[in-house]
Amino acid sequence: MNIPLILTLSVIPDIDILIPYVEHRGPFHSIIMAVIIFIPIFGLYRKSAAPYLIALIQHSLIGDYIVGGQVQLLWPLTPQPFGFGMSITSSTNITLEWLLFIAAAIVMVKAKDTHSILQPHNSNLILAIPTFTVLLPTFLAFPIKVPMALTPPHIIYLTLFLTSLLIDIKKIVNQPQAKSESGRKA
């Protein structure tokens with residue numbers, strides 16, 4: 001599995017925050033649209049595409065259906081919003097987010113995914129999407145203010161993603177130098 005891609009897909013519905021005139025938690029959060037988009041991907045990759053679809057739809061189901069108001073899960077069939085409407089600042093939400101963060105951290109450590117993310121690999125560059133569209137803007141109070149109790153997971157993910165990006169950028173910058181040095185030795 002491509003862990004950077006899974007992590008990116010898990011926040012991709014919130015890209016709607018950056019698109020003018022697109023309603024937040026609207027069509028980009030639709031499970032129907034996610035399945036439609038994944039039909040050709042399943043055609044190509046069969047069962048191995050399932051974790052990527054799950055990563056995409058979990059955002060709408062776990063993140064926005066339970067917390068934060070209403071989400072258009074069944075768009076375009078209906079614009080009807082669905083959700084529990086639990087506040088992001090509620091103790092239930094904070095507890096749920098911490099439990100999910102701890103579970104994700106344990107899985108990533110046991111599967112050695114944190115180690116692989118910190119190794120140079122071009123697929124890690126995709127982590128720029130969640131870093132610059134969700135994590136960094138959160139600390140600038142756009143789109144939402146995160147409760148202080150939830151900032152540690154954000155900081156940990158932000159640090160992990162930025163470190164991975166810096167490792168990859170360093171590799172890319174050093175590649176031309178390594179090639180020119182090996183050319184001079186030959």
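## Helices and the model

Helices (H or I, at least four residues) and strands (E, at least two) are DSSP runs, numbered from the N terminus. By this definition the chain holds seven helices and zero strands, and its pattern along the sequence reads α-α-α-α-α-α-α. The model described here is predicted, so that local features need pLDDT of at least 70 and side-chain atom pairs count only at pLDDT 80 or more, while totals for chains, interfaces and linings use all residues. Residues are numbered from 1 along each chain as its sequence is written, and side-chain values use heavy atoms, with hydrogens and water left out.

The predictor's confidence in each residue is given by pLDDT, from 0 to 100. The chain has a mean pLDDT of 87, and 90% of its residues reach 70 or more. Where pLDDT is low, the predicted coordinates should not be read in detail.

## Surface and contacts of the chain

A residue is called buried at under 20% relative accessible area, exposed at over 50%, and partly exposed in between (1.4 Å probe, protein chains only). Of the 186 residues in the chain, 34% are buried. The chain exposes about 11000 Å², of which carbon and sulfur atoms supply 72%; such areas come from the Shrake-Rupley method with a 1.4 Å probe, and for residues only the protein chains shown count as cover.

Contact means heavy atoms within 4.5 Å. Among the contacts with a separation of 6 or more, 60% are between residues 24 or more positions apart.

## Nonpolar cores

A nonpolar core is a set of buried Ala, Val, Leu, Ile, Met, Phe, Trp, Tyr and Cys residues joined through side-chain atoms within 4.5 Å. The largest one has 13 residues, and those with the most contacts inside it are Leu9, Ala34, Phe38, Tyr52, Leu53, Leu56 and Ile57. Two or more residues come from each of helix H1 (3-9), helix H2 (31-45) and helix H3 (50-65), with H3 giving the most, five residues.

A second, separate core has nine residues, including Leu7, Ile117, Leu135 and Leu158.

## A salt bridge and the glycine beside it

A salt bridge is a side-chain nitrogen of Lys or Arg within 4 Å of a carboxyl oxygen of Asp or Glu, and the structure holds one. It is formed by Asp64 and Arg25, whose closest N and O atoms are 3.2 Å apart. Because Asp64 lies in helix H3 and Arg25 in the loop between H1 and H2, the pair ties together parts that are 39 residues apart in sequence. Both Asp64 and Arg25 are buried.

Gly69 is in contact with Arg25 and Asp64, as well as with Phe82, Gly83, Phe84, Gly85 and Met86, leaving aside its neighbours within four places in sequence. Gly69 is placed in the loop between H3 and helix H4 (91-110), and it counts as buried because its relative accessibility is 17%. From Gly69 to Met86 the separation is 17 residues in sequence, and 6.4 Å in space, C-alpha to C-alpha.

## Aromatic pairs

Rings of Phe, Tyr and Trp (its six-membered ring) pair if their centres lie within 6.5 Å; planes under 30 degrees apart count as stacked, over 60 as edge-to-face and the rest as tilted. The structure holds five such pairs. The rings of Tyr65 and Phe84 have centres 5.0 Å apart and planes at 50°, so this pair is tilted. The pair links distant parts of the chain, with Tyr65 in helix H3 and Phe84 in the loop between H3 and H4, 19 residues apart.

Trp98 and Phe101 form an edge-to-face pair, with 5.7 Å from centre to centre and 90° between the planes. Trp98 is partly exposed, because its relative accessible area is 27%, whereas Phe101, at 12%, counts as buried. Ring pairs link Trp98, Phe101, Tyr157 and Phe161 into a cluster.

## Backbone features

Most residues other than glycine have a negative phi, and most peptide bonds are trans. The peptide bond from Trp75 to Pro76, however, is cis, with omega near 10°. Arg46, which is not a glycine, has a positive phi of about 55°, and Arg46 lies in the loop between H2 and H3.
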